[in-house]
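The tour below goes from one selection to the next.

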Amino acid sequence: MLCNMNQGYNFFHVGFDDTDSSDGMCTTFLCYSAVKRLLKKKGITELLDYPHLIRLNPNIPWKTRGNAALCLAIRTTLSREAVFEFFRNIIKEFATSPRANSGLVLHEGLAIPNEVEEFATRALFSVMSLREARTIVGKFRMDSYELRNGQGLVGALASIGNLLRNDHTFELIAYRREARRKRHIELDKIVRMSERRFPETFSNYDRDHRRVMILPHGPDPVLCGIRGETPEGVSEAFRDLLPIGNLLGYMIFRSNQGTGEHLAHRLDLNNAMPYSSGTVVGSVIEDPMIERGGHVFFKIANAKGEISCACYEPTAEFRKAAAGLMRGDIIEASGGIRKPTSLHPKMLNLELLKPMRLQSLVTLANPKCPVCNVALKSKGKNQGFACEKCSYSSKTSEKTRIERKRSISPKLYMPPMKAHRHLTRPLHRYLLPPKEFKIPVELIDAWVQ
Ligand code: ATP
């Protein structure tokens, strides 16, 4: 049956990246426009899954914003040459910024080579070379196209290799008809939607800091983006916001956003490469120091080596948690490795902090006077204690140990929502059961409007 249904069709994965720049555009918009054009002629091309919106290593310095790459899995009666030509033309048309170093990769077939999956995994936490991407593209006879320096080929290939097999989320991204008109959705509506639709949707509104999270601020065509657990969830939340002025249309993407996927990598303190992301377990070897501006710095070590950790000002509560650490605490620290500078050594910029074993915080106090219950005064080293009030004196009394409550406990600490990265897994998502996904082919038309 499946065979008959697929007769006459060709299967492709198309990955593309780096079509935007800080002066406008957004690769998701290119994806939206491509899908609209492709689906216009019914029965010729169909999507095999929601478009994949893959966030790559967030600590890559040359990203424009959120290091996104896109992949479409399609079934089409078009030839390989026609599909490649279609996407190459659309990239030429949209990626006009002199800063867009676009890449396009076309892979024929449903199965993705292991090497490509493995490349995609490493692209989540390390710096990948364009040369390696080109070699893999050549080895598996994929078609490719590069604009300017072609760095987008890395993201294009990685987006094909990340199949979102495990945890994943969805994002409904709506686009503006006129990119120059200001985005406007009433605050009330957003706050109500955010409360009503949580946890089915998340990261809509940061109540603690009164910050709207669904509206971007740049010159790109995105009107708003709603993240959630299911396509239905994000659609319903979007409907809560309608009508919205200046709305061109929207598309639902399946994504690794909100999964914390980049932190699954174990950082090696013997060889922590600048710009890599991941997690390491270590013991605090230098008490936290709070520097000017409120930034907190401390050092951890394990059998492999040591590294300074930094928690910066905008991450208010998170920073307080880091400041509460002390020497000897065992912690799990996650984040990105910052390159050493003339001012700072190589540093782990923290995105997550989990104390695993905390030292007890003990202070020694002078004993109390058994007569009047005030603290005794020391008479000098090994001289004992005396009461200033009633002249009680003792040579044998000793200081008492008082165990104080630590300001932190063994739980997960992370920056507030307003400082989250696209890949940051919000706290509540750590409690979710493993997710399964089946592609609902019948719904294809509802994904894009
Ligand atoms: P937006 O979020 O608006 O789509 P962006 O932040 O995705 O923009 P891009 O303009 O796409 O930024 O630039 C990111 C560049 O970094 C791309 O060329 C991509 O191929 C490349 N890149 C992504 N991940 C890696 C990696 N792990 N190693 C090397 N290069 C990478």
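Is the crossing in which H2 passes H3 left-handed or right-handed? This is a predicted model, in which local features need pLDDT of at least 70, side-chain atom pairs count only at pLDDT 80 or more, and totals for chains, interfaces and linings use all residues. Residues are numbered from 1 along each chain as its sequence is written, and side-chain values use heavy atoms, with hydrogens and water left out.

Select residues 27-40, helix H2, and residues 80-94, helix H3. Helices are DSSP runs of H or I with at least four residues, numbered from the N terminus. The two axes come within 11 Å and cross at roughly 135°. Axes are lines fitted to C-alpha atoms over the stretch in contact, and angles run from 0 to 180 degrees between N-to-C directions. H2 passes H3 in a right-handed crossing (the near helix is turned clockwise from the far one by less than a right angle).

Next, select the ligand. Around the ligand are 22 residues (each with a heavy atom within 4 Å); Asp18, Asp20, Thr64, Arg65 and Ala68 are the closest. Helix H6, residues 152-161, gives the most to this shell, with 3 residues.

Now show the polar contacts (N or O pairs within 3.5 Å).

- Asp20: a side-chain N or O atom is 2.4 Å from an oxygen atom of the ligand.
- Arg65: a polar backbone atom is 2.6 Å from a ligand oxygen atom.
- Gly155: a backbone N or O atom lies 2.9 Å from an oxygen atom of the ligand.

Key: A polar contact is a pair of N or O atoms within 3.5 Å; within protein, one must be able to donate a hydrogen and the other to accept it, and residues adjacent in sequence count only if both atoms are side-chain atoms. Helices (H or I, at least four residues) and strands (E, at least two) are DSSP runs, numbered from the N terminus.
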